[in-house]
Amino acid sequence: MKWWTGEYHEATGRKRYESRGGFTDEEAALEFGRDKEYEVRHGLNITRRDGATSMSAWIDTWLDSLDVAPLTERNYKSAIRVHIRPYFKTKTVGEIDILTYRAFQKHLRKVLGTEGSVGVVLMVFRMIMEDAVAAGMRKTSPVEKHRRRGKYKKKPREKKRYMAIEAVDRLARNADVLWGYQGYVFFWTMACTGMRPAELYGLQRPYCYPNWPASDPDPEQREEGIERYANGEPMPAIRVQYQVQYVDSELTLLPPKYESHRTLVVPDFLAKMLQALLASHQSRWVFPARMGGCLGSLCFDTAYWRAIADGADERHGRKPRPAAPPVPSFVGKRLYLVRHGSKEWLDADGHPRVAVEGRMGHELPGVEGTYSNVTPEMEQAIRASLQLRWERYQAKLMEEAAQLMEESMKGHLPVVSQ
């Protein structure tokens, strides 16, 4: 059976045909030919030339078409370079079927181990295959959307504890010992604002209280900030304008994740800390590293976080320091859980969902997101509830100190004879 593919030879302008043999009878061949003609008429036909494109060549074309954030592009290229391209280097776009995809899944689980890492690679592969369908190189994607075979297995979730304010205080005190006052303020800022780590690393003086909003370089944003946060009843605030990430081996200021620029009011106790911190150093970064550079230029997890969360021994010698005790709820855990804990506090205090999600840098979907808006009253309520949480904790500490003093004094009182 021979049919016209709907294409023409570029050199001669003649019609391009494809053929197939191996039919057992004329009726079967005719039925196949009619199906092919239908596909050509309705733009559904996939030529052998398209299907025979190598996966490596298609991946190169796909990468050239990407228009995503630099960090996202870096992650996609990493998944392709390490896993996708080596596995499919001998395959064509049309050869990959559902069984090949399942074998790839099995391979990834063997070499990666964690479902999160496997999911990232499969997500990139799915996009590559779906775009191959959209480009007319395949009829369907080999990636299964909902596989129901086999025993149901609940997706494992990370175990985490409620973030007690005592734990944040311990993290902050450890950071003060191991890093300096900027470390102390860093953890209270993260706990009270829910800022992402890279946003805190990239926070600069013009966007931090007490400088912001008067120091904002954008005239329109500066005017709006002064009207809302400086006039009337002032609200100390931080402006999330950037994050820092490496792009082509160079530390770069980028927009926050999901373009989630936002203003975060802070409680009065934190405003005083930030004011004292900026007065204590001249770095452009609000939270400079020990040597004064940007935190984004080092591996924060190994340089600071593990010792702060897991504890560190006392150090003697030329640069002595006291021991930093472990923080049980954060031992072996991620720094990002401090951000999660910030949302827990806001939820526990009963703030509106639009205010909580907006503070975290998320957008509400659907009608709720369209009609909702964060009001100054909501921001004042968040500021007040965080301040109240701090004041209650300080009152508790004072009460415990008074009890210890009272017990200590009892042990030193003289015995009066009857």
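1. Let me start with exposure: a residue is called buried under 20% relative accessible area, exposed over 50%, and partly exposed in between, using a 1.4 Å probe and protein chains only. At 24% relative accessibility, Val374 therefore counts as partly exposed. This is a predicted model, in which local features need pLDDT of at least 70 and side-chain atom pairs count only at pLDDT 80 or more, while totals for chains, interfaces and linings use all residues. Residues are numbered from 1 along each chain as its sequence is written, and side-chain values use heavy atoms, with hydrogens and water left out.

2. Staying with Val374, its place is the loop between helix 15 (366-371) and helix 16 (376-410). Helices here are DSSP runs of H or I with at least four residues, strands are runs of E with at least two, and both are numbered from the N terminus. Leaving aside residues up to four places away in sequence, Val374 touches Arg228, Val354, Ala355 and Glu379, where contact means heavy atoms within 4.5 Å. Glu250 is 124 residues from Val374 along the chain, and their C-alpha atoms are separated by 36 Å.

3. Helix 14 (residues 353-360) is mostly covered, with six of its eight residues buried. Just after helix 14, Gly361 takes a positive phi of about 85°.4. Which residues does Phe300 touch, not counting residues up to four places away in sequence? They are Trp179, Phe186, Tyr201, Leu295, Trp305 and Leu335. Phe300 lies in helix 12 (residues 300-310) and, at 4% relative accessibility, counts as buried. Its C-alpha atom is separated by 28 Å from that of Asp216, 84 residues apart along the chain.

4. Now to the charges. The structure holds 17 salt bridges, each defined as a side-chain nitrogen of Lys or Arg within 4 Å of a carboxyl oxygen of Asp or Glu. In one of them, the side chains of Arg383 and Asp268 meet at 2.8 Å, N to O. This pair links distant parts of the chain, with Arg383 in helix 16 and Asp268 in helix 11 (residues 268-280), 115 residues apart. Arg383 counts as buried at 13% relative accessibility, whereas Asp268 is partly exposed, with a relative accessible area of 31%.

5. Further pairs include Arg109 and Glu115, whose closest N and O atoms are 2.9 Å apart. Arg109 is partly exposed at 38% relative accessibility, and Glu115 is partly exposed at 43%. For Asp301 and Arg306, the closest N and O atoms are 3.7 Å apart. Asp301 counts as partly exposed at 34% relative accessibility, and Arg306 as partly exposed with a relative accessible area of 22%. A network of salt bridges links Arg196, Glu199 and Arg262.

6. Patches are made of residues with over 30% relative accessible area and no salt bridge, with like charges joined within 9 Å and nonpolar side chains (Val, Leu, Ile, Met, Phe, Trp, Tyr) within 5 Å. Accessible areas come from the Shrake-Rupley method with a 1.4 Å probe, and for residues only the protein chains shown count as cover. Lys and Arg count as positive and Asp and Glu as negative, while His and the chain ends are not counted. Each charge is placed at NZ of Lys, CZ of Arg, CG of Asp or CD of Glu.

7. The negative patch is formed by Asp218, Glu220, Glu223, Glu224 and Glu227. Asp218 sits in the loop between helix 9 (197-201) and helix 10 (219-230), and is partly exposed with a relative accessible area of 36%. A patch of positive charge gathers Arg290, Arg315, Arg318 and Lys319. Lys319 lies in the loop between helix 12 and helix 13 and counts as exposed at 56% relative accessibility.

8. Finally, some backbone details. A cis peptide bond joins Tyr209 and Pro210, with omega about 10°, and another joins Trp212 and Pro213, with omega about 15°. Pro210 is in the loop between helix 9 and helix 10, and Pro213 is placed in the loop between helix 9 and helix 10 too.

9. Where does Asp248 lie? Its place is the loop between strand 4 (243-247) and strand 5 (250-254). Asp248 is a residue other than glycine with a positive phi, near 50°, and at 75% relative accessibility counts as exposed. Glu259, in the loop between strand 5 and strand 6, has a positive phi near 55° and is exposed, with a relative accessible area of 54%.
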